[in-house]
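Here is a short briefing on the metal sites of one model. Please take the structure first, then the notes.

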Amino acid sequence: MRIDLHAHSNASDGTDSPAELVAAAVAAGLDVVALTDHDTVAGHAEAAEAVRGTGLTLVPGAELSCHVDGVSMHLLAYLFDLAEPAFAAERDLVRNDRFRRGRAIVERCRELGAPIDWEQVERIAGAGSVGRPHIASALVEAGVVATVSDAFTADWLANGGRADVRKHETDPEVAVRLVRAAGGVPVFAHPGAVKRGRTVSDEVIAALAAAGLGGLEVDHIDHDEPTREHLRGLAEELGLFATGSSDYHGHRKTVRLGEHTTDPAVYEELLAQARGAEPIRG
Ligand code: AMP
Ligand code: ZN
Ligand code: FE
Ligand code: FE
């Protein structure tokens, strides 16, 4: 069983449509893929339709933007009830604020001399939940930087960078409770991704575990081996499961689907904790 529990479509900042993501997951030999777009479930219906007859299992999810102690972090949520109003309202709040913030970032970039505009970013993002990677693609198109990843420096879009503007982000303890109340399973995404900026302390992770966190994403491209070892130990200590996933973004990042995977026993544990929805078996 090959299980990849973190992938983005063009419903947020991935480049594959949900149906293309499903096809890519089949081609990559995956048995299970989770669709976890940033602050949106807009890709779920198309992905669910696309898995029919493929043998692939789709785990519907999302990746919620959170903020604690001055640090931005991401919370993966799986198999929650889409109709549960409190969590749905929080996703809407975060996603909608991305538009205000996206415009503000574009304005900052223009002040800094980058010849990009909001219409260009809208074209790149399409119907997707708009984020810095879309603006990074605009900076690449404009010839300001060579690659998307080169836009994530202090000069431009990195956390605290010259053109970075904050968006509304949920307190993670509140988020963990919202996900559980919607029957979902919350997993802390890439907790040790230091290249993206500051990360939260083990004490914060312990508090999230006490609030109902289910697991930590341990095997991730942004974690070196010592970080993985540490997180694995911490998960064990706190009674959390440890997942692995690619965080695939299509061609906006170099990581391949299935580059990191989750142990089948961990997947079973996740399913056992889920109350809000069932995986969609194609
Ligand atoms: P946003 O959600 O708009 O705040 O943008 C955050 C997204 O930007 C993350 O989910 C990553 O996909 C991407 N990102 C953050 N840091 C980097 C980086 N150093 N290199 C490339 N992509 C990054
Ligand atoms: Zn992303
Ligand atoms: Fe993330
Ligand atoms: Fe992600």
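The zinc ion (ligand 2) lies 5.6 Å from the iron ion (ligand 3). This is a predicted model, in which local features need pLDDT of at least 70, side-chain atom pairs count only at pLDDT 80 or more, and totals for chains, interfaces and linings use all residues. Residues are numbered from 1 along each chain as its sequence is written, chains are lettered from A and ligands numbered from 1 in the order in which they are written, and side-chain values use heavy atoms, without hydrogens and water.

- Donors are N, O and S atoms within 2.8 Å of the metal (3.2 Å for Na, K and Ca); water is not among the atoms, so sites may look incomplete.
- Asp 13 sits in the loop between β1 (3-4) and α1 (18-27), and His 249 in the loop between β7 (241-244) and α9 (264-273), 236 residues apart.
- Helices (H or I, at least four residues) and strands (E, at least two) are DSSP runs, numbered from the N terminus.

**Iron site**
- The iron ion (ligand 3) has Glu 63 (OE), His 74 (ND1) and His 190 (NE2) as protein donors, 2.1 to 2.2 Å away.
- Their sequence spacing is E-x10-H-x115-H.
- Glu 63 belongs to strand β3 (residues 57-68), while His 190 is in the loop between β5 (185-189) and α7 (202-211), 127 residues apart.

**Burial**
- Buried means under 20% relative accessible area (1.4 Å probe, protein chains only).
- Asp 13 is buried at 5%, and His 249 at 3%.
- Glu 63 is buried at 1%, and His 190 at 7%.

Conventions: Buried means under 20% relative accessible area, exposed over 50%, partly exposed in between (1.4 Å probe, protein chains only).
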